[in-house]
Amino acid sequence: MARITQLLDAGQTLSFEFSAPRDEVGADRLRQTLARLSRHRPQFMSVTYGAGGTTRGPTRDWVRTIRDHFQVEAMPHLTCVAHTRDEVAAIIKDYRSDGVDNILALRGDLPQGVESPGQAFDTAAELADFIRERTDWDIGVAAHPEGHPMAASVEADLSHQTRKLARADFAITQFGYRAEYYEQFVNQLDARGVQTPVIPGIMPPTNVAGIERMSALNATEFPEEIRERLEHAATAAERREIGVEVAVNLGRELLELGAPGVHIYTMNFSRAASEVASALGWPAD
């Protein structure tokens, strides 16, 4: 349908991220979410590849559903953890037959219950190179403006991310709540001669426990002022209003800084994501 680099060249983009559901109840909810969010005419949507190796199979099915039924460009995530070269090559072949033009190459998490991954690639950069040898796709990678949680040092992390982004067509960041971290990261890349477009990820904070857990896993700051507001909210509706307000203010700041777009992490729910998209200038039809 369209390459993400072409979409970025046309102007600031809106995109949403979803997880492949594990059961029919989740599938029904995701269909409803897709129906609502597709009305915002996002430039693309992405589908994760089973964190911990739990939902790898359905990713391809949902990519096809988004493209064929909802007429939105869909990008699959692909992780290399616990995969052989032949397995990755077979996945790439399947996506080529589907007409995929974009992919997000990730290292990924170790599948549950697996202690020795026995994988062919150790890094997302190696996976991206492998894909590049076999396709002419636009290849994206993950970016970590606040540092990767497994980094040995700040300098080692920045050097690794610089090399990785230099080999990619675009990047999408982990969610964060401080625009200054994004601005600093992009400036550091630019100083090192890397101008790969970096799309910031936004997640409306509506659940304290969930954001705490994910922030710890990703080594991202969960600002105390946001936490306190959410903890003092009396209802789920109030927490959603706070989360939307935080995400909208952050999104506006990022776009004003010149970010090429915003990528909204939805957790497969539509209401908060829809309200954020509308407030940022992408109203639903």
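Okay, so let's start with the second largest pocket: 21 residues line it, and Thr206, Thr266, Met267, Phe269 and Ala272 are the ones nearest its centre. By pocket I mean an open set of points on a 1 Å grid over the protein atoms alone, with protein on both sides within 12 Å along at least five of seven lines, and lining residues have an atom within 4 Å of a point. Before I go on, this is a predicted model, where local features need pLDDT of at least 70 and side-chain atom pairs count only at pLDDT 80 or more, while totals for chains, interfaces and linings use all residues. Numbering runs from 1 along each chain as its sequence is written, and side-chain values use heavy atoms, with hydrogens and water left out.

Back to that pocket. The space in it comes to about 420 Å³, a volume being the space filled by probe spheres set on the grid points, which are joined across faces, edges and corners. Helices H2 (24-37), H8 (208-218) and H11 (271-279) each bring at least two lining residues, and H8 gives the most, with four. Helices here are DSSP runs of H or I with at least four residues, strands are E runs of at least two, and both are numbered from the N terminus.

The largest cavity holds about 140 Å³. Of its 19 lining residues, Pro145, Thr173, Gln174, Phe175 and Gly176 sit nearest the centre. Strand E6 (170-175), helix H7 (179-191), strand E7 (198-202) and helix H10 (236-256) each supply at least two of the lining residues.

On to helix packing. H9 (residues 224-232) and H10 pack at about 155°, axes 9 Å apart; axes are lines fitted to C-alpha atoms over the stretch in contact, and angles run from 0 to 180 degrees between N-to-C directions. So H9 is roughly antiparallel to H10, the label for angles over 145 degrees. Ile226, Arg229 and Leu230 of H9 meet Arg239, Ile242, Glu245 and Val246 of H10, where contact means heavy atoms within 4.5 Å.

The other pair is H4 (residues 85-97) with H5 (residues 124-134), at about 50° and with axes 11 Å apart. From H4 the contact takes Arg85, Val88, Ala89, Ile92 and Arg96, and from H5 Leu127, Phe130, Ile131 and Arg134.

Definitions and conventions:
1 Å grid on protein atoms, 1.4 Å probe; cavity = no way out; pocket = protein on both sides within 12 Å on 5 of 7 lines; lining within 4 Å. Parallel < 35°, antiparallel > 145°, perpendicular 65-115°, else oblique.
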